[in-house]
Amino acid sequence: KIVKDGKEVSKVSAAFDGFREALKSVDIWAVAFNGFTVYCVYCGLTYFIPFLSDIYKMPVTLVGAYGIINQYGLKMVGGPIGGFMSDKVHKSAAKHIRVGFVVAAIAMLIFMNLPHESMNVYVGMACTLGFGAIVFTMRAVFFAPMDEVKVPKHITGAAMSLGSLIIYLPNSFAYLIYGSILDANPGMKGYKMVFTAMIGFAVLGFFVSSFLVSRVKKAQARPVEEGAEEKA
């Protein structure tokens with residue numbers, strides 16, 4: 001049993017109350033959709049391998065090495081860099097992600113307009129891995145703003161559950177959208193459309209993260225965390 005407002009309630013009832021409270025929190029939804037847009041861009045990284053294979057004619061011997069670097073190497077590099085940039089440079093994970101969206105959108109716009117057909121495959125690999133590194137620094141910290149908006153301790157579990165549901169939702173549709181675009185538009189045209197969609201998600205993410213930054217400022221201005229009383 002848990003004591004709430006002087007009354008004894010069951011743990012199940014308290015859990016449902018916490019989830020309902022999380023659903024009503026603008027801050028939690030802001031964090032969730034901020035991560036959602038990061039993940040939409042992240043899903044597009046999967047198509048760099050077929051892009052390099054189709055456009056750059058990347059040798060099969062390089063595909064495996066590129067895949068390992070892209071999926072595992074960048075995770076090991078992106079996490080520490082994202083944490084360092086958030087803590088020491090931008091002083092906020094929400095601000096770091098907002099800057100990341102701007103850098104990612106500009107970088108992808110430049111990349112789209114490069115003369116890919118005449119470029120060396122290693123240059124193409126470096127460009128795509130560089131872009132991936134930007135996204136991984138954002139992905140590493142997209143849950144961190146939960147602390148910055150001062151989510152009440154008694155609904156932390158519900159907040160993380162709701163955030164995870166929304167943030168990882170692109171797994172259910174982003175690959176389908178990107179894949180359908182490539183199937184309907186073979187070659188460079190299709191890849192440019194996918195890259196444009198990634199830019200679109202980055203632009204949307206910039207506005208979402210800007211809203212989140214404003215929510216963080218309001219939360220930091222509160223002297224005492226609302227609803228943070230210890231639950232007996």
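These legends go with several close-up views of one predicted model. Residues are numbered from 1 along each chain as its sequence is written, and side-chain values use heavy atoms, with hydrogens and water left out. Because the model is predicted, local features need pLDDT of at least 70 and side-chain atom pairs count only at pLDDT 80 or more, while totals for chains, interfaces and linings use all residues.

**View 1. The largest nonpolar core has 66 residues.** A nonpolar core is a set of buried Ala, Val, Leu, Ile, Met, Phe, Trp, Tyr and Cys residues joined through side-chain atoms within 4.5 Å. Buried means under 20% relative accessible area, exposed means over 50%, and partly exposed is in between (1.4 Å probe, protein chains only). Phe 51, Met 108, Phe 131, Phe 195 and Met 198 have the most contacts inside this core. Elements giving two or more residues to the core include α2 (26-43), α5 (93-112) and α10 (188-221). Helices (H or I, at least four residues) and strands (E, at least two) are DSSP runs, numbered from the N terminus.

**View 2. Phe 51 and its partners.** Contact means heavy atoms within 4.5 Å. Leave aside neighbours within four places in sequence, and Phe 51 is in contact with Tyr 56, Phe 111, His 116, Met 188, Tyr 191 and Phe 195. Ring pairs also link Phe 51 into a cluster with Phe 48, Tyr 56, Phe 111, Phe 131, Tyr 191 and Phe 195.

**View 3. A salt bridge joins Arg 215 and Asp 27.** The rule asks for a side-chain nitrogen of Lys or Arg within 4 Å of a carboxyl oxygen of Asp or Glu. The count comes to one salt bridge. In the Arg 215 and Asp 27 pair, the closest N and O atoms are 2.6 Å apart. This pair links distant parts of the chain: Arg 215 is in helix α10 and Asp 27 in helix α2, 188 residues apart. Asp 27 is buried, at 9% relative accessible area.

**View 4. Trp 29 and Phe 33 form a stacked pair.** Rings of Phe, Tyr and Trp (its six-membered ring) pair if their centres lie within 6.5 Å; planes under 30 degrees apart count as stacked, over 60 as edge-to-face and the rest as tilted. A search of the whole structure finds 20 aromatic pairs. Here the ring centres are 5.8 Å apart and the planes meet at 20°, so Trp 29 and Phe 33 are stacked. The two residues are four apart in helix α2, so about one helical turn separates them. Trp 29 is partly exposed at 27% relative accessibility. Phe 33 is partly exposed too, at 35%.

**View 5. Phe 143 and Tyr 168 form a tilted pair.** The distance is 6.3 Å centre to centre, with 45° between the planes. Phe 143 lies in the loop between α6 and α7 (145-148), and Tyr 168 in the loop between α8 and α9, so the pair ties together parts 25 residues apart in sequence. Phe 143 is partly exposed at 21% relative accessibility. Tyr 168 is partly exposed at 32%.

**View 6. Arg 139 lies over the face of Tyr 42.** A charge sits over a ring if NZ of Lys or CZ of Arg is within 6 Å of the ring centre and within 35 degrees of the ring normal. Arg 139 is 4.5 Å from the ring centre of Tyr 42.

**View 7. Asn 185 sits in the loop between α9 and α10.** Asn 185 is buried, with a relative accessible area of 14%. Not counting residues up to four places away in sequence, Asn 185 touches Gly 190 and Met 193.
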